[in-house]
Structure formats: structure tokens, C-alpha cells
Amino acid sequence: MADDQDNRARLRVEHTGQGVIVHVRGEMDIDHADRLRETLHTEVTRPQGSDEIVVDVTDLTFCDSAGLNALLQARLTAQDLGRRIQLRNPSRQMTRLLEVTGADQFFPTTHA
């Protein structure tokens with residue numbers, strides 16, 4: 001497992017027998033979106049990687065357009081490779097951001 005040490009936004013990648021889970025915690029804004037973009041790109045493009053990458057946003061307290069853009073870019077890359085990105089436990093703020101921008105159509109969500 002890799003863990004980003006930033007106190008405002010933390011990323012942790014978990015490789016399980018079922019696939020990959022990217023745990024996102026804290027605030028995902030312009031100061032942290034590049035780290036999310038890089039992490040998702042690494043997991044989406046990993047040779048023999050999982051066909052489905054779960055982004056667990058249970059502990060995400062805020063996401064702005066930069067964070068959403070990182071998710072959308074990763075989704076396009078995943079789609080090009082025949083993979084999929086799924087969001088787990090989006091908050092009310094995250095759900096609203098997805099709905100207002102129309103991005104809710106692009107991300108399947110689960111609530112665990």
C-alpha cells in the first residue's frame with residue numbers, strides 16, 4: 001500500500017484479490033488534484049491491472065472542479081483501455097458536484 005503524506009488530502013492505494021481501491025481522504029482541490037491524477041493514471045494503465053478501479057471517497061470532505069477533472073481524465077483513459085472507474089460512498093457534496101456537471105452519468109457509484 002502506498003500512502004501520500006499530505007495532511008490535507010491523502011491517497012492510499014489498496015491492491016486486493018478483487019481489484020484496486022484508491023482511498024481518497026480530505027480535500028481534493030487544485031493543490032492536490034495532480035497527485036490524484038497521477039495515482040489514478042498509474043493504476044488505470046498498470047499492465048495486467050484490474051479492469052475496475054474503485055475510488056473510495058468515503059472520507060473525502062471536499063472536491064472542486066480540479067478534483068473532478070482528475071477523475072474525468074482517469075475515466076477517459078480507463079475507457080480507452082477497456083477499464084472502468086467506480087466511485088464508492090460519495091458524499092452529498094460530491095454527489096451534487098457530479099449531478100450539476102452531468103458527470104454522474106459517467107461514474108457508477110456504490111454505497112458500502
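Predicted model: local features only at pLDDT ≥ 70, side-chain atom pairs only at ≥ 80, totals over all residues.
1. N89 sits in the loop between β5 and α3. Its phi is near 60 degrees, a positive value in a residue other than glycine.

2. Q48 also calls for a look at the backbone: its phi is positive, about 55 degrees, although Q48 is not a glycine. The residue belongs to the loop between α1 and β4.

3. Helix α1 (residues 33-44) packs with helix α2 (residues 65-80) at an angle of about 15 degrees, and their axes are 9 Å apart. Because of that angle, α1 is roughly parallel to α2, the cut-off being under 35 degrees. The crossing of the two helices is right-handed.

4. On the α1 side, the contact is made by A33, L36, R37, L40, H41 and V44. On the α2 side, A66, G67, N69, A70, L71, Q73, A74, T77 and A78 take part. Sorted by class, the residues in the contact of α1 with α2 are nine nonpolar, five polar and one charged.

5. T42 lies in helix α1. At 40% relative accessibility, T42 counts as partly exposed. A74 is among the α2 residues in the helix contact.

6. The largest nonpolar core has 26 residues. Those with the most contacts inside it are V24, L36, L40, V55, L71, I85 and M94. At least two residues of this core come from each of β2, β3, α1, β4 (52-63), α2, β5 (84-88) and α3 (92-101).

7. What does V55 touch beyond its neighbours within four places in sequence? V55 is in contact with V22, V24, L40, L71, I85, Q86, L87 and R88. Of these partners, V24, L40, L71 and I85 are listed, like V55 itself, among the core residues with the most contacts.

8. G19 is found in the loop between β2 (9-15) and β3 (20-28). The residue counts as buried, because its relative accessibility is 12%. Leaving aside neighbours within four places in sequence, G19 is in contact with E14 and S50. The C-alpha atoms of G19 and V54 are separated by 8.0 Å, and these residues are 35 apart along the chain.

Terms used
Residues numbered from 1 in each chain as written. Heavy atoms only, no water. Axes fitted to C-alpha atoms, helices over the stretch in contact; angles between N-to-C directions. Helix = DSSP H or I, 4+ residues; strand = E, 2+ residues; numbered from the N terminus. Parallel < 35°, antiparallel > 145°, perpendicular 65-115°, else oblique. Left-handed = near helix turned anticlockwise from the far one by under 90°. Contact = heavy atoms within 4.5 Å. Nonpolar A, V, L, I, M, F, W, Y, C, P; charged D, E, K, R; others polar. Buried < 20%, exposed > 50% of the residue type's maximum accessible area, 1.4 Å probe, protein only. Core = buried A, V, L, I, M, F, W, Y, C linked by side-chain atoms within 4.5 Å.
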